[in-house]
Structure formats: C-alpha cells, structure tokens
Amino acid sequence: MDEHTPVLVEEALEALALRPGGLYVDATFGRGGHSARILQALGPDGRLLAVDRDPQAIASGRARFAHEARLQLVQGEFGDLAALVRARATRSQLDGALFDFGVASPQLDDATRGFSFGKDGPLDMRMDPTSGEPVSVWLQHARLDEIRHVIATLGEERFANRIAAAIVHARALAPLTRTSELAALVARSVRTREPGKHPATRTFQALRMHVNDELGQIRRGLDQALGLLAPGGRLVAISFHSLEDRLVKQFMRIHSQLDPVLARLPRPPAGAEPPLRLIGNKQRASASELAANPRARSAVLRAAERRA
Ligand SMILES: C[S@@+](CC[C@H](N)C(=O)[O-])C[C@H]1O[C@@H](n2cnc3c(N)ncnc32)[C@H](O)[C@@H]1O
C-alpha cells in the first residue's frame, strides 16, 4: 500500500488562506494529500515547495506529480527549512507553511521500515533510512538511564523502568534486532494493559520520536518557518499527540503575546508587537471525517498569521 489519507484537509486549506500567486511550503509531503489540495487552489503563478525526509515519499511524489511545474519536491528535514527554502525558492518569503507531523501510513504499513510492533521487521524506525541510527543500534549502546528517560518522557510510559531494565538484560544476551522481539519483550515486562492498546505502543512511539529527533525537528521547523513568513503569511500545524501539540501551542502563544516586560509599560514602544496573531481556536476533525478515517481522532490543527 502506498496511500495515506490526509487529515483536516479543508480546515488546513482554510487556515492557509491561500494567495493564488503565493509561495507555500508543505513541510511534510507524505503522499501529497495536502499538497494536491494546495496545488488545486493555487493559480498558475503560485509555487509549492514540498519537503519530506523520507526518500520514498519524495520518489512517490515525483511519479505522481511528474507534470506539475508549480511543485518542487525536496528530500530533507524541516528542521533545516530555512536552508532548504533559500537554496531553492526564487522568492525569499513564504505566504504560508503547513506541517502535518508524525508518520505516514506507507511507513507504518511497510514491515521493512520497522515502525510497527504488529509486523515483524528490522528494528529501524528512521524516517530517512540513509541517515542517523536505527533503533536497534541505539538500544545496543544507550545507557540504562537514557533508555528509561526516552521511554518515560517521549512515550509517557509509567513502566519505563521495567521496560528499560528488560531491554538492557536482553541485549546482554543478544542484540535486539527485530520489531517482534522488542514488542514481545515489552509485553512480558508490562503487567497492566491499556484497553485496546498493544503494551508496546508507548515504547515504540518513544523510540521512533527519539531516533528521528521529532521534537527537536518541530522546534527548529516552527522557528525557521516564522523567520521565513511574509507579512500576512500563515503558519498551520497538525499534531497527533500531546507532546507535539504542546510545542505548537507554546510556540504560537509565546510569539503572539507581547513581551511581559513591555506589556507592563503604559505604552509599549513601536515595533514591539509580537510577530504572530493566532487564527481561531484549535480545530479537530469533524464527525464525518472521523467516521471515514479513525486516524484523525487525535489530530489537532492550530494556525497563526505573521503580522505586518
Ligand atoms: C503525517 S505524514 C504527512 C502526510 C501528508 N500531509 C499527506 O497528505 O500525505 C508525515 C510525513 O512527514 C515526514 N516527516 C516527519 N518528520 C519530518 C521532518 N522533520 N522533516 C521532513 N519530513 C518529515 C514523514 O516522513 C511523513 O512522510
């Protein structure tokens, strides 16, 4: 399967408030669901730069959009957004940037990528398999307290202690190289189970987020997008869990409030206005979208606009 059902597409489009001749970035191209909709709404002079760190996403986009001259597809990390845009775009400022965090369905569906506790495969989980360390390699050399910390913080897993100890015990006998080995090990270490959830869900999420530095990427990506936005340009982000959404919420809040020191002055100095203005409240998927795509259940969209 090489398909991904995009979430909150119409909401994202509305939040981007597209200028037909504008320059936009889709920072998480995936299988191009949002990009296709953006291209539909752009005029002949509009341009879209679409980024994904996964070479398979870019290859599939090149095939799907082979005749689309307004689209430029770039393999890279949105944590390097400023450099990616500067190296390619003919204009220096963006009219909007869209982020749709997390993994795409084809990554989860392909057992050889190692993302899924339900499918046996190499314990990898890198979104870009050409760089960084697979989970199996990291688990081989990380210290017990590092493994525990990652599983506790990025997985919000209360049994992180036990799981980390079991990993360290197991790796002394033989390296953990398969997703099925890790899933079984976690299932043996965790006594209580959350209804409807595999016991390894949180551990897999944490390790995936760690080897891909997902929160670091989000921090850098949002920061750089803000620096690239033209006045009136829109920043739109879709998160899938609380750790991602917390970063987006804090980022948008900090940059849409007046500096607290200046806010206490009787009249804040000219030019002290915060760079962003929030657009609406956070949005979730409608009942009809949820019925068609259960993955949309946890999606939260937030948007802001660059002030003049
Ligand atoms: C949820 S999917 C996006 C789906 C897409 N909006 C669509 O409609 O098909 C997330 C995508 O972002 C990519 N990605 C995640 N983190 C990234 C990063 N830091 N830089 C670039 N791409 C990233 C993943 O490889 C994945 O393809």
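In this predicted model, helix H11 supplies the largest share of the lining of the largest cavity, namely three residues. A search of the whole structure finds one cavity of 30 Å³ or more, and about 360 Å³ of space lies in the largest cavity. The lining comprises 30 residues, of which Thr 28, Asp 52, Asp 100, Phe 101 and Gly 102 are the closest to the centre of the cavity. Two or more residues of the lining are given by helix H2 (33-41) and by helix H11 (214-228). Sorted by class, the residues that line the largest cavity are eleven nonpolar, ten polar and nine charged.

The structure also holds 18 salt bridges. One of these joins Arg 178 to Asp 120, with the closest N and O atoms 3.0 Å apart; this pair links distant parts of the chain, since Arg 178 lies in the loop between helix H8 (160-173) and helix H9 (179-189), whereas Asp 120 lies in the loop between helix H5 (105-109) and helix H6 (135-141), 58 residues apart. Arg 178 is partly exposed, its relative accessible area being 32%, and Asp 120 is likewise partly exposed, with a value of 41%.

A salt bridge is also formed between Arg 126 and Asp 124, where the closest N and O atoms are 2.8 Å apart, and here both Arg 126 and Asp 124 are buried. In a further salt bridge, the side chains of Arg 202 and Glu 194 meet at 2.8 Å, N to O, and Glu 194 is partly exposed, with a relative accessible area of 35%. Finally, Arg 143, Asp 145 and Glu 146 are linked in a network of salt bridges.

Definitions and conventions. Residues are numbered from 1 along each chain as its sequence is written. This is a predicted model: local features need pLDDT of at least 70, side-chain atom pairs count only at pLDDT 80 or more; totals for chains, interfaces and linings use all residues. Side-chain values use heavy atoms; hydrogens and water are left out. On a 1 Å grid over the protein atoms alone, a cavity is a set of points where a 1.4 Å probe fits but cannot get out, and a pocket is an open set with protein on both sides within 12 Å along at least five of seven lines; lining residues have an atom within 4 Å of a point. Grid points are joined across faces, edges and corners, and a volume is the space filled by probe spheres set on the points. Helices (H or I, at least four residues) and strands (E, at least two) are DSSP runs, numbered from the N terminus. Ala, Val, Leu, Ile, Met, Phe, Trp, Tyr, Cys and Pro count as nonpolar, Asp, Glu, Lys and Arg as charged, and the others, Gly among them, as polar. A salt bridge is a side-chain nitrogen of Lys or Arg within 4 Å of a carboxyl oxygen of Asp or Glu. Buried means under 20% relative accessible area, exposed over 50%, partly exposed in between (1.4 Å probe, protein chains only).
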